[in-house]
Amino acid sequence: MLRILTRIVLSGENQRKLKSVAWNKNLCSEASVSADFFLKPIMENQLYRPPPEVRGMTSLDKDAFTQTITVPALRVPTGVLNKVMKSLKKSTIQRPGMPRVIQDKEESSGMRVVLLDPHRVSSPSSFSEAEAEALRAFGVAAELHSHELKLTYENLKCDEVLEAVLPQGQDVTSGFSRVGHIAHMNLRDHQLPFKNLIGQVIMDKNPGVTCVVNKTNIIDSTYRNFKMEVLAGEENMVAKVKENGVTYEFDFSRVYWNPRLSTEHQRVVERVERGDAVFDVFAGVGPFAIPAARLAATVWANDLNPDSYTWLQHNCKLNKMESRTKTFNLDGRAFIRGPLRQELPALLLGEARVHVVMNLPAMALEFLDAFRGLLKTETPCYQNLPTVYCYGFSKDDNPEQDVVDRASRSLGFTLKNNYFVYSVRNVAPNKDMMCVRFTLPKEVLFCSDDELTEPSEEPAPKKQKCEETAQ
Ligand SMILES: C[S@@+](CC[C@H](N)C(=O)[O-])C[C@H]1O[C@@H](n2cnc3c(N)ncnc32)[C@H](O)[C@@H]1O
């Protein structure tokens, strides 16, 4: 019997030896399996666990992860190799960067060595009925061999490396958000001493990631962008992403971008039709505005952050939407009371539907006060009133009621059954991002009393002046 062997250098509990085992599905029972190796299934992660010396490493030394392990193998005639590989798909070794088929030691033998997954195949009887049948049909010798394999850093998964390095018993979350070539992490305190190593491993193990950043907890409350620290890779923060079929480019360190909002962007844009008018009060780099323009809506998009404004204009050009999108660099209230105020009277008389998107969840509900008495000097028109999509965070037990109450307070008008409210996503334990969608009440727009410009801190009053005057 030919033995396929290269020498083993195995440490600790991973030092197991495979012995070739004669196997014939008809003759061979579990009891006839000779090697101890086969009797105990190898626990996942145990065999691939890196050497214990890597624990506590703060600067990545890839060579320290190299070790030799022993895996089961089958010798397969070259002529039936492809068919056998198809039949044994579930049982062959699956490791990053590791071949599943290698040359036989005797090159002229007409055989190849198929490496098997030691967690699945511990004895010949580990094969499923279908696999065993296929092997018989293709005339593959019923023998398992041991094969020594050099397992390197390249063959380990991200979590396997980090679990081996970071302090035992502490959370090893290697999760990140991907924004183009940038992996964006939010490391915990106990992970910080290993931050550069973590960054390097994330980059190595995720094709296409060439820069890893850690979001510090400091958020610029005005522009909603985070302070970031580059942990590994290039310093290039200009990302290119595709969302719902639209391409955006922006400097991720200077503007707001959240890949978790793509569904919400789509949900709102789906309500926009050809010819509609869309006012995006807090537009960012354009993920509501540009798709709406692509649907042949006319768009007015605004952002106070000069960097967002620049990238918004850039993205309009990139997507050939400049002619349908007017861009502004104003405070949200100034935008509502300026460009929006100017366009609205004519739009209310027309056929086009009007949408006002207000995605600044930390503050947008308060900005609704800008609509109070906005058209007080115009002849009241009760048709074609704008639909407002206003976002807000809530930590309340009843977040739906909470955001509706806060919207009502800012408007100076109680939204009753004329709204739709839903949770967009859970941003933290006990904190939801909500959206309240409503038709802007005529009582608010044409209210003659514009003295109440500051949102009240009090709970929603039962009846406010706007309601009383506007019937
Ligand atoms: C949460 S982001 C949303 C951006 C974009 N709409 C999106 O969905 O990705 C809010 C945006 O509002 C902008 N912003 C913050 N304060 C503002 C203000 N007072 N007036 C106008 N824009 C403001 C920020 O610069 C940021 O781009």
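Let's start with Asn-359. It is buried, because 26 other C-beta atoms lie within 10 Å. Buried here means 20 or more other C-beta atoms within 10 Å of the residue's own; 12 or fewer is exposed, in between is partly exposed, and C-beta atoms are placed from the backbone. Asn-359 sits in the loop between strand E15 (354-358) and helix H10 (364-367). Helices (H or I, at least four residues) and strands (E, at least two) are DSSP runs, numbered from the N terminus. Leaving aside neighbours within four places in sequence, Asn-359 is in contact with Phe-282, Ala-364 and Tyr-391. Contact means C-beta atoms, placed from the backbone, within 7 Å.

A word on the model. It is predicted: local features need pLDDT of at least 70, side-chain atom pairs count only at pLDDT 80 or more, and totals for chains, interfaces and linings use all residues. Residues are numbered from 1 along each chain as its sequence is written.

Next, Gly-332. Buried or exposed? Gly-332 is buried, since it has 20 other C-beta atoms within 10 Å. It lies in helix H9 (residues 332-349). Its contacts, leaving aside neighbours within four places in sequence, are Val-281, Phe-282, Leu-360 and Phe-367.

Now the ligand. How many residues surround it? The number is 20, and the closest are Phe-282, Gly-284, Leu-304, Asn-305 and Gly-332. A residue counts as near if its C-beta atom, placed from the backbone, lies within 6 Å. The shell divides into nine nonpolar, eight polar and three charged residues. For those classes, Ala, Val, Leu, Ile, Met, Phe, Trp, Tyr, Cys and Pro are nonpolar; Asp, Glu, Lys and Arg are charged; the others, Gly among them, are polar.

Where does the ligand lie? Domain 2 (170-236) and domain 3 (258-469) both give residues to the shell, so the ligand lies between them. Those bounds come from an automatic or database domain assignment.

The UniProt record, an unreviewed entry, places "binding site" at His-265, Asp-303, Leu-304, Asp-331, Gly-332 and Asn-359. Positions follow the numbering used here, feature names are shortened, and annotations may be inferred rather than shown by experiment.

Now for Asp-63. Asp-63 is exposed, with 7 other C-beta atoms within 10 Å. Its place is the loop between helix H1 (36-39) and strand E2 (67-77).

Last, the whole protein. It has 13 helices and 18 strands. Of its 471 residues, 40% are buried. Among contacts with a separation of 6 or more, 68% join residues 24 or more positions apart.

Notes:
Contact = placed C-beta atoms within 7 Å.
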